[in-house]
Amino acid sequence: MKNNYKKIMVALVTFLSPFAVLSQASAATGSQQLEITPTSLVASFDKGTTSTETITVINPGTVGNDIKIYATPFSVSGENYSQNFNPIPNAENVSNWFSFSKSIYHIDAGQTLEIPYTIKVPSSALAGGHYATIFVETNNSANINGVVIHDRLGSIAYLTVNGPVKNSGNFLSWSVPYLQRPDLTASVRVQNTGGVHFQSTLNATIQDVFGSTKYKFYTQHEILPQTIRQISPVWPKTPSFGLYKISGSIQFLDQTVKLPGKYVLVMSSFVRMIVLILILLIAVWIVVKIRFSGGKGSQMMSKLTNKKTVKKAAPKKKLTNKKTVKKSKK
Amino acid sequence: MNISIKNLKRSIFGLISLTSIGLMGIASAANAYTSSTANTITVAVNPIINISDGNSGTTTLSAITPTGAGRMSSATDALSVTTNDVGGYTVTIQMAGASNTLVSGANTVAASAATTASPAALVVGSGTAAPTGAWGFCVPSSSGNGTYVTTFATCTDGATSSIAIPTGAGHLYAPVPVAGSPFTLFNTSTSSVGTYATTVTFAAAVNNGQASGTYTGTVVFTAIAT
């Protein structure tokens, strides 16, 4: 009986040991992953107040990570909102309002961390919008022959310091080029003329010529003070060819602007080439047709030419005859 | 006759039973109707952003045994970013610090002399003439809903181990920009619930003028909702 038990155990261990090795191997070569929520913080504060917030960090990967957390300034440039996390000379560095009880954490595989941080708004802060970014970054160091990869996730803080501030904006344009290659792209521009950010909500619908809805956009963006933001909704994987109508609306502050329907002819490069070839073929066909009917045509032409020749020749003949007659009369 | 009376009784019984069941059903339905209340179901889905790196945070290039003309090693890193944020997001690459060289003590492998706008094959000098080494990155493939880099589409090296330095199309690399000047790999300004996936190739080339050692640099991939 004991022998049987031993045999069973040996068989089990022999059977399971490769899986143990495999699982160790996969753990060693697992992916480095990081996830955060929220992806942005939108909050209002009175001057001189302090608030404690939290950011949730999840490690859905298979390996543990050291992570660091810190804040940087946040600003944008251009209408496409190119992001900048560097301090701007002579501008207030809002990242100084943020403090963390710890800057380095360790997060095991599958673990969720609630990391608290404090925002202290100076009493001298101006009323209006202030911006920063909280970054969570893997902080693994390795002595290897190559490249250490740090993965970093950012959460933008849109902070409003309460007080009298202008809150205004304009809709600038809605443009959709008539002839496009996939993917179908439109463009909306919204301007913030005030001193604090506001949120814009864009809804757009793409329909085919029969009125059937093919795609719907829904997107929300913060528009920073004294900036113009271009929002370019894209219909991913647009078919290679088709005539579509795009329309929608954009909402911001207390305004709802209707985006009138515009037709778009989508033709991929391949379709354009096909169309070009078709046009060429039609042109060739016309030429061939003319040439094919060229016999008749040339006959007709020659007949016409002959007629002209006859017409032209006839008077001469007549004249000649007349002259001849006259001469003969003489 | 008896049989037909029996049948009649059965029929009446059946009819009464069915009617009773029907009435009970109606009553219970009426009951249900009168006792029902409007019940609105709401659930909040929090916005998340996730970044995943296939190499556990280290992309190790195979050791290079240099020659006078130089040799190259390369390795790939699978990067993916997922979000459910309705505002879209941006993915960038940059160095962790102000320098974009690979460092081994006091020695360095310089960053590629090309630019992200115009990548080029890695170049090393002759013998100990500068540059004795160069390294860079390229993006051979990307997928996702949005605008992503296509400048590097001709990079086809993948993982290599101490090979002769290839030149021409398919072997074009750019320097990883220094911290504060990130290069955008992917950008979308619209609702983009889904995943952006890409493969980044890192390559280093050195000749025998490059001091031996373990050279390291730290690259930061940043994903941020817009």
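Which residues touch the most other members of the largest nonpolar core? In this predicted model, they are Val136(A), Ala204(B), Phe221(B) and Ala223(B), out of 74 residues in that core. Strand 11 of chain A, residues 146–161, supplies the largest share of the core, 9 residues.

Leaving out residues up to four places away in sequence, Phe221(B) touches Ile149(A), Asp151(A) and Arg152(A) in chain A, and Ile51(B), Leu79(B), Val91(B) and Ile93(B) in chain B.

Now to the contact between the chains. How many residues does each chain give to it? Chain A gives 45 residues and chain B gives 46 residues. On the side of chain B that touches chain A, the elements giving two or more residues are strand 1 (49–53), strand 2 (58–60), strand 3 (71–83) and strand 12 (216–225) of chain B. Of these, strand 12 of chain B brings the largest share of that side, 10 residues. By class, this side of chain B consists of 26 polar, 17 nonpolar and 3 charged residues.

That leaves the strand pairing. Strand 12 of chain B pairs with strand 11 of chain A, in the parallel sense, over 9 bridges. For a specific place to look, take Gly154(A): its bridge partner in strand 12 of chain B is Ile224(B).

Technical notes. Residues numbered from 1 in each chain as written. Chains lettered and ligands numbered in written order. Predicted model: local features only at pLDDT ≥ 70, side-chain atom pairs only at ≥ 80, totals over all residues. Core = buried A, V, L, I, M, F, W, Y, C linked by C-beta atoms within 7 Å. Buried ≥ 20, exposed ≤ 12 C-beta atoms within 10 Å, placed from the backbone. Helix = DSSP H or I, 4+ residues; strand = E, 2+ residues; numbered from the N terminus. Contact = placed C-beta atoms within 7 Å. Nonpolar A, V, L, I, M, F, W, Y, C, P; charged D, E, K, R; others polar. Pairing = 2+ DSSP bridges.
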